[in-house]
Amino acid sequence: MQSTTERLTRYEDAWASKMIDIWRDRMALLDVYRTGALFRSPHAAAIARSGLDAQMTFDFIRYGIYVDTGTGRGYTRGDDGKMQMRDKAYRLGRGLGKPRQKRRWFSVSWHISVSVLRDHVALILGDATRAAVLDELK
């Protein structure tokens with residue numbers, strides 16, 4: 001029978017690999033890539049473990065966050081979150097064309113997947129706790 005640490009390790013490794021697949025699927029669905037650099041860039045940079053704790057680090061090119069949020073060149077900080085550059089009248093008056101659209105390849109799937117990870121880790125730890133209590137009662 002696998003130890004709790006082994007079960008967690010196996011699940012975390014599989015989850016990290018699946019996260020990359022999910023991001024690439026989202027990019028393809030949203031037609032995010034032109035050069036393919038962003039599509040190729042996501043990877044699990046590190047998984048550091050200490051007992052039952054784990055810390056995962058993922059990397060992708062910085063441009064990916066701008067795609068996700070619909071920002072980039074011409075967008076500046078300090079506009080109180082109003083994103084004037086996205087306003088149709090502002091863009092029309094300055095001949096800027098169609099505003100960028102948010103293409104949520106990263107953030108939506110990240111928040112959903114972290115919830116799934118949290119719930120599954122809770123199940124694994126709950127099983128271990130239940131087994132320990134039952135062993136004590138014997």
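Below is a chat about the fold, core and salt bridges of a predicted model.

Biologist: So this is a predicted model. What does the secondary structure come to?

Modeller: Five helices and two strands. Going along the sequence, the pattern reads α-α-β-β-α-α-α.

Biologist: How much of the chain counts as buried?

Modeller: 25% of its 138 residues. The accessible surface is about 9800 Å², and carbon and sulfur atoms account for 54% of that.

Biologist: And the contacts, how many of them join residues at least 24 apart?

Modeller: 62%, counting contacts between residues at least 6 apart in sequence.

Biologist: Let's look at α1. What is its reach from first C-alpha to last?

Modeller: It spans 36 Å over 26 residues, close to the 38 Å expected at 1.5 Å a residue.

Biologist: Which of its residues are buried?

Modeller: L8, Y11, E12, W15, A16, M19, I20, W23 and M27.

Biologist: OK, the core then. Which residues touch the most other members of the largest nonpolar one?

Modeller: W15, W23, M27, V32, L38, F58 and W105, out of 17 residues in that core. α1 and α5 each supply at least two residues, and α1 gives the most, with eight.

Biologist: Take W15. What does it touch, leaving out residues up to four places away in sequence?

Modeller: M56, F58, W110, S113, V114 and L117.

Biologist: I was also looking at S109 in helix α5. Buried or exposed?

Modeller: Buried, because its relative accessible area is 6%, and the cut-off for buried is under 20%.

Biologist: What does the S109 side chain reach?

Modeller: The backbone oxygen of F106, at 3.2 Å. Beyond residues up to four places away in sequence, S109 touches M19, I22, W23 and R26. Of those, M19 and W23 are among the buried residues of α1.

Biologist: Changing topic: what's going on with phi at D31?

Modeller: D31 has a positive phi of about 55°, although it is not a glycine. Most residues other than glycine have a negative phi.

Biologist: Where is D31 found?

Modeller: In the loop between α1 (4-29) and α2 (37-40). D31 counts as exposed, because its relative accessibility is 54% and the cut-off is over 50%.

Biologist: Now charges. How many salt bridges does the structure hold?

Modeller: Six. In one of them R49 pairs with D13, with the closest N and O atoms 2.6 Å apart. That pair links distant parts of the chain, R49 being in strand β1 and D13 in helix α1, 36 residues apart.

Biologist: How accessible are R49 and D13?

Modeller: R49 is partly exposed at 34% relative accessibility, and D13 is partly exposed too, at 36%.

Biologist: What about the one between R130 and D127, what's the N to O distance?

Modeller: 2.7 Å. Since R130 and D127 are three residues apart in helix α5, about one helical turn separates them. R130 is partly exposed at 49%, and D127 is partly exposed at 28%.

Biologist: Which residues are linked in a network with them?

Modeller: R7 joins D127 and R130 in a network of salt bridges.

Biologist: And D119, which side chain does it meet?

Modeller: R118, in a salt bridge at 3.2 Å, N to O. R118 is exposed, with a relative accessible area of 52%, while D119 is partly exposed at 43%.

Terms used:
Residues are numbered from 1 along each chain as its sequence is written. This is a predicted model: local features need pLDDT of at least 70, side-chain atom pairs count only at pLDDT 80 or more; totals for chains, interfaces and linings use all residues. Side-chain values use heavy atoms; hydrogens and water are left out. Helices (H or I, at least four residues) and strands (E, at least two) are DSSP runs, numbered from the N terminus. Buried means under 20% relative accessible area, exposed over 50%, partly exposed in between (1.4 Å probe, protein chains only). The expected span of a helix is 1.5 Å times one less than its number of residues. A polar contact is a pair of N or O atoms within 3.5 Å; within protein, one must be able to donate a hydrogen and the other to accept it, and residues adjacent in sequence count only if both atoms are side-chain atoms. Contact means heavy atoms within 4.5 Å. A nonpolar core is a set of buried Ala, Val, Leu, Ile, Met, Phe, Trp, Tyr and Cys residues joined through side-chain atoms within 4.5 Å. Accessible areas come from the Shrake-Rupley method with a 1.4 Å probe; for residues, only the protein chains shown count as cover. A salt bridge is a side-chain nitrogen of Lys or Arg within 4 Å of a carboxyl oxygen of Asp or Glu.
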